[in-house]
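Hi there,

Here is the structure I promised to pass on to you. Have a look at it first, and then read my notes below.

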Amino acid sequence: MSTLFTEPLTILRRGAPEWNDWREAHPDLRPNFADADLQGTNLIGANLSGLDFTGANLSDSDLSGANFIRSC
């Protein structure tokens, strides 16, 4: 994963509230989370639209109400 997206991955791992704030502040950025380890992350209500999660580990994560529109 690119070091450019180290900060977004750290923020995403902290959970949806902080992630959604970051997405609002950076609407033009689309981090690539392919192969990211997000196991057990609380992503309830997270705005994950338009992001790449190919091969990411989302097992045991709570994705209730998460927005995956145009994501892969």
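A residue is called buried when its relative accessible area is under 20%, exposed when over 50%, and partly exposed in between (1.4 Å probe, protein chains only). By that rule, 33% of the 72 residues in the chain are buried.

Before we go on: this is a predicted model, in which local features need pLDDT of at least 70, side-chain atom pairs count only at pLDDT 80 or more, and totals for chains, interfaces and linings use all residues. Residues are numbered from 1 along each chain as its sequence is written, and side-chain values use heavy atoms, leaving out hydrogens and water.

Now the overall form. The chain has two helices and zero strands (DSSP runs, numbered from the N terminus: H or I of at least four residues for helices, E of at least two for strands). Its C-alpha trace spans about 25 × 25 × 20 Å along the principal axes.

What is inside? In soluble globular proteins, nonpolar side chains tend to be buried together.

Beyond its neighbours within four places in sequence, Trp19 has contacts (heavy atoms within 4.5 Å) with residues including Pro8, Ile11, Pro31, Ala46 and Leu51. Across the chain, 31% of the contacts with a separation of 6 or more join residues 24 or more positions apart.

Enjoy exploring!
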